[in-house]
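This report goes through a structure shown below, chain by chain. A few individual residues are then taken up.

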Amino acid sequence: MNTGKNVNEKVLKKFLSLIDKGMDIDACLSKFPGEYSYLKEYAETIKSLDNLKDIVADKDFEEKSLKDIYLRARTEDIEDSKKISPKHVLLAGLRPAYLKPLIAFLVVLVLIGFSFTGTLYASGDSLPGDILYPVKRTSENIQVAFTPYKYEKNLYLKILEERLSEADMILSRADFKDTDAAESLLGDIDNTYRICRERKYLGADEGEQLQNQITAVKDRLRNRYGIQKSGIDSLSDDASGNEQDTDTNSKSDNQDNGQNEPQLNGNNKTENKNQPDAGEQNQTGNQNQYGR
Amino acid sequence: MNDKELELCIKNFKKTGNNSHFEKIYRFFFKKIYRFVLLNISDSQVAGSITSDVFFNVYRHLAKARLNSGSFRAWVYKIARNLIIDYHRKEAKHKQDQSLEQYIETRQSDDLNELESVDKSLIAGDFKEKSAGEYFDSEFRDPELLAGLDKLDELQKQVLILRFVEDLDYKTISRIIDKSELATRAIKFRAISKLKELMTK
């Protein structure tokens, strides 16, 4: 019984697959003469389904429906355009495919900008020996590099003031024990002052006042950290310095300064100690400190 | 309209947005979609409204859709099928709400006999639905077939209509009903066997 059912199912599947292949129903029936009576009812059912193809929509309704579609679309467009603000129109021009990476890029840019600005701001109060101090010095070097010549005077004076205030802060802090940093600062003050003097950025009164201030600060630093006075520094020969040729490009002047003054920053200081031709080294150091 | 012509119409409509290209597609598919919806809804008025909705959706979204002729056919029928499902859901909810209201009203009345009869009807789920044949236009008369189709599962009914009335291949049907081709063939086989049994009873 079960086997007979299975056989019938197989025949039916074959019959249906022939119809699926596009064969005529009657032609398919004729292929199975033994199962004609069994398949005939299926064939009738399929034929009756085929008759459903005669169902048609009213032609007038078809036309009316088409007009309705256009009308609805137009109404929706008008409603949509009312909702759209100028801001939306602007954004609509940017396809989402381009908008997303653009927004991501801008966000990253803003984050980098904020972190950079934050680091710069934080480095503003740093002292020699601090982690952020090199950032502060680098930003100063960049400022010097991009400042037009006629505005350099103010910038150098500002840098000199900054160095002096750093020295004051070091002196006011009892816990500051970094002798190397203090020595480096001394060199920086000396060098910046020398540049200001050579380029005649200081007036007579101003120069004298500043010179006294620098001498006081340097003495206090030397006393506190036991830094040896290194021969003739830029202030000790000041009397003659005002009279001497202040040509910044004069090699002899630079060599002289280089031999006698302490190095300009911590990095060059060691080199100065180790190398006999300190004058030449110092000359390079002078030129490199602010990149000019 | 063959596949090439259909693809050209789709391409041109996307390119130019000219309604004449849409109209070609509309006229080719309108009869088919109306027939498919009507056989599933059994109400010519509702079928007309749903068919109109189908083509409105096609008109609105065709420009953005990435379709070839095969996937376009499946897409249009799928829209129709989804709207049919939505309609059936709404109808079922409406009937449920109606029967609940009816039930509450009857409970409020003092007529105990009437109350019992409503209770029985609720338990039996007998809501006096119209048979499919009652809705159809007078020119089509095959109540046995329609009654038989009505007794099939929704999916079985749709597969039979899509295969034997709409003459769609199994690949397209499987896309429309979200089943594999093999599953679609199995559904068709069971459906035709069941329909034959129902019609010969």
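## Contacts and fold of chain A

In chain A, 66% of the contacts between residues at least 6 apart in sequence join residues at least 24 apart, a contact being heavy atoms within 4.5 Å. The model is predicted: local features need pLDDT of at least 70 and side-chain atom pairs count only at pLDDT 80 or more, while totals for chains, interfaces and linings use all residues. Residues are numbered from 1 along each chain as its sequence is written, chains are lettered from A and ligands numbered from 1 in the order in which they are written, and side-chain values use heavy atoms, with hydrogens and water left out.

Chain A has 14 helices and zero strands; helices (H or I, at least four residues) and strands (E, at least two) are DSSP runs, numbered from the N terminus. Of its 292 residues, 37% count as buried, that is, under 20% relative accessible area, with exposed meaning over 50% and partly exposed in between (1.4 Å probe, protein chains only). The accessible surface of chain A is about 17,800 Å², and carbon and sulfur atoms hold 55% of it. Such areas come from the Shrake-Rupley method with a 1.4 Å probe; for residues, only the protein chains shown count as cover.

## Negative patch on chain A

Glu161(A), Asp205(A), Glu206(A) and Glu208(A) form a negative surface patch. Patch residues have over 30% relative accessible area and no salt bridge; like charges are joined within 9 Å, and nonpolar side chains (Val, Leu, Ile, Met, Phe, Trp, Tyr) within 5 Å. A salt bridge is a side-chain nitrogen of Lys or Arg within 4 Å of a carboxyl oxygen of Asp or Glu. Asp and Glu count as negative, Lys and Arg as positive, and His and the chain ends are not counted; the charge is placed at CG of Asp, CD of Glu, NZ of Lys or CZ of Arg.

Helix H10 (residues 204-225) of chain A gives the most to this patch, with three residues. Glu206(A) lies in helix H10 of chain A and counts as partly exposed because its relative accessibility is 39%.

## Chain B

Chain B has ten helices and zero strands. Of its 201 residues, 44% count as buried. Chain B exposes about 11,200 Å², with 47% supplied by carbon and sulfur atoms. Among its contacts with a separation of 6 or more, 63% are between residues 24 or more positions apart.

## His21(B)

His21(B) is in helix H2 (residues 19-41) of chain B. This residue, His21(B), counts as buried because its relative accessible area is 15%. Apart from neighbours within four places in sequence, His21(B) contacts Cys9(B), Asn12(B), Phe13(B) and Thr16(B).
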